[in-house]
Amino acid sequence: MGALGGISPGGTITIGILVGLMSTSVQSLGLTLQRKSHILEDEKAPHEVRRPPYRRGRWQLGMGMFIAANILGSTVQISTLPLPVLSTLQASGLVFNSICATLILAEPFTRWSLWGTLLVCTGAVLIAIFGAIPEPAHDLKELLALLGRRTFVVWMILQALLVLAIAIITDSLNHFSNLGQNAKFRFFRGLAYGCISGILSAHSLLVAKSAVELIIKTLSGPTNQLSTGRRGHSCWL
C-alpha cells in the first residue's frame, strides 16, 4: 500500500479510517431508513393500499444512501487501508446500526447492547492499533506467488469446505426436520448464515484489495500489471 498523493503512509491510513467510518455510518442510516419504511408500510390498515418498496420515498432515500456510501467509501478504503484495518471497519457498522435503530426505530438499547457495542469498539481499536502497519504494494508476480503458496491454498480449501458444510447442514435441518419453525433453530440458522457471509466477505475483500493494488500500479507505473506477460494470458482478479 503506497502513499496517496504524496501523503505519508500514516496519513493515508488515517484518511481511509475517517472515510470508512463516515461511509459506514451513512450505510447504517440508509439501512435503518429502509427498515423504517417497511415498518410503516406493515402498520397500515388492511383496507389501505400498500406500495412496493421502490415507490416509497423513504425507502428510495435509504437505498440511495446505502449504495452511494458503499461505492464511494469502499473505493477509498480498499485503496488506502491495510486488510486487517479494512476488515475491522466493517464491524463498526454494528455500532452505527445500534445507534440508528435506537434513535430512528425507537428500539430499546439494553445492557446487552451496551456491552456488545463496547466489545466491538474495543476490538476495533486494538486491531486498528496493532494492525495498521504500512505494507508495500505488490505487483502481479508477487501476488501470484503469494496466492500459490501451499499454506494459502490449503487454507482456502478448508474455508470452502467449512462454508459448504455449514450451508448443507443448515439447509438439511431446515427442510428435512420440524425445526424450521423453532425460534431457537431460527436464531442459530441466522448465526450460520452470518458465519458464511463473514467468510465470503473476508475473501471478497482480499480479492478486491489485490485487484485495486494491480490497477493502481498499472496506472502509476510503466508496466501493465493486469497481464502475465504471456501472449493471450491476462489476470482478471
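Is R56 buried or exposed in this model? R56 turns out to be buried, with a relative accessible area of 7%, where buried means under 20% relative accessible area, exposed over 50% and partly exposed in between (1.4 Å probe, protein chains only). The model is a predicted one, so local features need pLDDT of at least 70 and side-chain atom pairs count only at pLDDT 80 or more, while totals for chains, interfaces and linings use all residues. Residues are numbered from 1 along each chain as its sequence is written, and side-chain values use heavy atoms, with hydrogens and water left out.

As for the overall layout, the chain comes to seven helices and zero strands, with helices (H or I, at least four residues) and strands (E, at least two) taken as DSSP runs and numbered from the N terminus. Read from the N terminus on, the elements simply go α-α-α-α-α-α-α. The chain has 237 residues, of which 25% count as buried. Looking at contacts (heavy atoms within 4.5 Å), residues 24 or more positions apart account for 68% of those in the chain with a separation of 6 or more.

Back to R56 and its charged surroundings. Four salt bridges come out of a search of the whole structure, a salt bridge being a side-chain nitrogen of Lys or Arg within 4 Å of a carboxyl oxygen of Asp or Glu. R56 pairs with E41, their closest N and O atoms being 3.6 Å apart. Since R56 sits in the loop between α1 (9-42) and α2 (57-80) and E41 in helix α1, this pair ties together parts that are 15 residues apart in sequence. E41 also forms a salt bridge with K44, and here the closest N and O atoms are 3.1 Å apart. E41 counts as buried, at 4% relative accessibility, whereas K44 is partly exposed at 21% relative accessible area. Taken together, E41, K44, R51 and R56 are linked in a network of salt bridges. Another salt bridge joins D42 to R50, with 3.9 Å between the closest N and O atoms; R50 is partly exposed, its relative accessible area being 44%.

Next, the nonpolar interior. A nonpolar core is a set of buried Ala, Val, Leu, Ile, Met, Phe, Trp, Tyr and Cys residues joined through side-chain atoms within 4.5 Å. The largest one here has seven residues, namely I13, I78, L81, V85, L86, L89 and L205. Helix α3 (residues 83-104) gives the most to this core, supplying three residues. Apart from this core lies another, of five residues, including I166, A192, I196 and I199. L89, a member of the largest core, touches G16, I17, G20, L21, T24, Q77 and L81 once its neighbours within four places in sequence are left aside.

Then there is helix packing. Axes are lines fitted to C-alpha atoms, for helices over the stretch in contact, and angles run from 0 to 180 degrees between N-to-C directions. On that basis, α3 and helix α7 (residues 183-220) pack at an angle of about 135°, with their axes 11 Å apart. That makes α3 oblique to α7, because angles under 35 degrees count as roughly parallel, over 145 as roughly antiparallel, 65 to 115 as roughly perpendicular and the rest as oblique. On the α3 side, the contact is made by L83, L86, S87 and Q90, and on the α7 side by L205, L206 and K209. The crossing of α3 and α7 is right-handed; a crossing is left-handed if the near helix is turned anticlockwise from the far one by less than a right angle, and right-handed if clockwise.

Helix α7 also packs against helix α6 (residues 150-175), at an angle of about 155° and with the axes 10 Å apart. The two are therefore roughly antiparallel to each other, and their crossing is left-handed. The α6 residues in this contact include F152, W155, L162, I166 and L173, and those they meet in α7 include F185, A192, I196, I199 and L206.

T32 has its place in helix α1 and is buried, with a relative accessible area of 6%. Leaving aside its neighbours within four places in sequence, T32 is in contact with C100, A101, I104 and L105. N224, by contrast, belongs to the segment after α7 and counts as partly exposed at 42% relative accessibility. The C-alpha atoms of N224 and D139 are separated by 9.7 Å, and the two residues are 85 residues apart along the chain.
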